[in-house]
Amino acid sequence: MKKLVDFYKIHFRKKLFNKIVFIYSIITVMSLASLSGFVYMYQLKVQATKELEFNNRILSNISKYLDMRYATSQQIVQQIYRDESGTLLEDVYSFLRSDFAEYLDDRLEKYGETGVRRRDIMSYLRLQLNNYPDIRMVALYSENQKFILLLTRDTQNYYYVNGDLQSALKQYVISDKSFTTVSNINSLTQQESIGNLIIDYDLSGMYGEYVTDWGGLKGYVAVVTPGGEVLFDSSSRYYGQKYPYLSRLSSSSDVQNFEEPSYTNVQVSNRFGYYVIGVIPKAEIAKSLRGLRNTLFLVTGICIVGAMVLARFTIVNFSRRTRSIMKALEKARNGDLSVRIPVEKEDELYEISDRFNQMCADLTKYIDRVYVSEIKQKQAELVAFQAQIKPHFLYNTLEAIRMRALSKKADDVGEMIYILSTLFRYSVKSDTVVTLADELEYCSLYLDLFRIRYVNNFAYEIDAEPELMNMPVLKLSIQPLIENYIVHGLVMSRSDNRISIQAELREGDLVITLQDNGRGIPPEKREEIRRRLQGAPAEPSASIGLINTHERIKICFGDRYGLELSEENRQGTVITMKLPSRVQGGRLYA
């Protein structure tokens, strides 16, 4: 561990370019390896999809083959019933209801009576054996007589059966690599089953029919009954036993664990209910891509080595140029401003070198001007100090005018000057958010100023609970609304001009309502203002104070807050201001 730490201290701690080479190498290796892995996995997926489609086509052909053989069995049975002469069906009844000797005697007797050889069931079945090469065996089973007749192309056997039909099938008919159809033969008059026609098909015919397609088959295909018996297995490994993965054949899946992780296809024959399955081991698909995998490994390795060599040469060149810059910086730090860095290529290091050289040249000039800069700084501080005392000069001047007015018995003028001075003091405060009490006090003084001017023509009312007085409001947010009323709503010919200001808590928010009985706002202009309050652009209007106040509230407290204009079209105007209800004021919330 100590050797590793020492190696890091020597080669990486203070070696930026070694770190860059190391990180670049890691990124290059990971990127190219990831790209190669992605290409390989993509090709593996494409190959798997291709093999699954090919396998699915074979399974569809097998299902079609099984359905065709089922249709063949049905056709053979239906031809017995559709015989126009009726002698074939009658011969079947006679065969199944009698033992073999009685059946032969009955045929001889009828031949003697008519002199005509009637159609018999065995000749009919032999004809079907010749017509359909896939039929391995045809059998007739009698329910009443408990016998079974077996016909092949070369043999004919007649056996008495001790058990039921299933016992007879297992003992005489069913074999590996074949599947069997069983059809009832019913009496048309008595509506009862008197026997069965059994047809056993050789599945090797199915393999021969599609052997051209199967040449490139990977894995194996199998036909399995719902009970697990294996009727067909192209790998020949499961004949004579139950299929061990029957419980996993409910549906197709990308990958399942059979003998090994494998892709699977599953189809169910509509006629028999047999499972037709295709199993493709992942290892076989990966084996087919071995050449691509080796090629990707080789190309990726070459690209990684090439990228690292190229990066090494590039970094060495940058390192050399960087060392020259560091040496020049060290000299400049020691006070040698005459040092210059040689410039080469026009890149970032060129920009650094050029600007360093320019900086050293400029520093020499700046040293000579340092005293001039200090003098200018002092002058700026003096100007700022003088600007700070100007408001106090204005306050003192207004107070002198007020005292002169009082001495001349002009009490109303003195009061107006006092109010104006107070308003000015409030407006020049640096606070952005003030308490409701301060803002209402300012509005009260502002209204008093106009009340003194319009004696007997104007009145106002302010209603707010004491517990609301410490809640925060935006400074100078109510005054522009009052000013709009004074400028646009006040009717000098009336003596009942009135405006009321009410503050209340509503659903957790502070709501301030201003209501007047002035001229009101025309409907078109009212709608324009409401659209602008909702954010729609519009042409400038006289209500710019409303819009500015609304935007200031949104900026300070958030989009939930702002102004609302009443929709009612009546005399006067109602404006609602919505603000957050916080106990302490004096801070922004947005």
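1. Which residue just after α9 takes a positive phi? G335 does, at about 105°. The model is predicted: local features need pLDDT of at least 70, side-chain atom pairs count only at pLDDT 80 or more, and totals for chains, interfaces and linings use all residues. Residues are numbered from 1 along each chain as its sequence is written, and side-chain values use heavy atoms, with hydrogens and water left out.

2. Buried means under 20% relative accessible area, exposed over 50%, partly exposed in between (1.4 Å probe, protein chains only).

3. The structure holds 14 salt bridges (a side-chain nitrogen of Lys or Arg within 4 Å of a carboxyl oxygen of Asp or Glu). E51 and K218 form one, at 3.4 Å, N to O. This pair links distant parts of the chain, 167 residues apart: E51 is in helix α2, K218 in the loop between α7 and β6. Both are buried.

4. R494 and D496 meet in a salt bridge at 2.9 Å, N to O. R494 is buried, at 18%; D496 is partly exposed, at 44%.

5. D516 sits in strand β15. D516 is buried yet has no salt bridge. The nearest side chain of opposite charge, R494, is 7.8 Å away. The D516 side chain reaches the backbone nitrogen of G518 at 2.9 Å.

Methods
Helix = DSSP H or I, 4+ residues; strand = E, 2+ residues; numbered from the N terminus. Lys, Arg positive; Asp, Glu negative; His and termini not counted. Polar contact = N/O pair within 3.5 Å; in protein donor to acceptor, adjacent residues only side chain to side chain.
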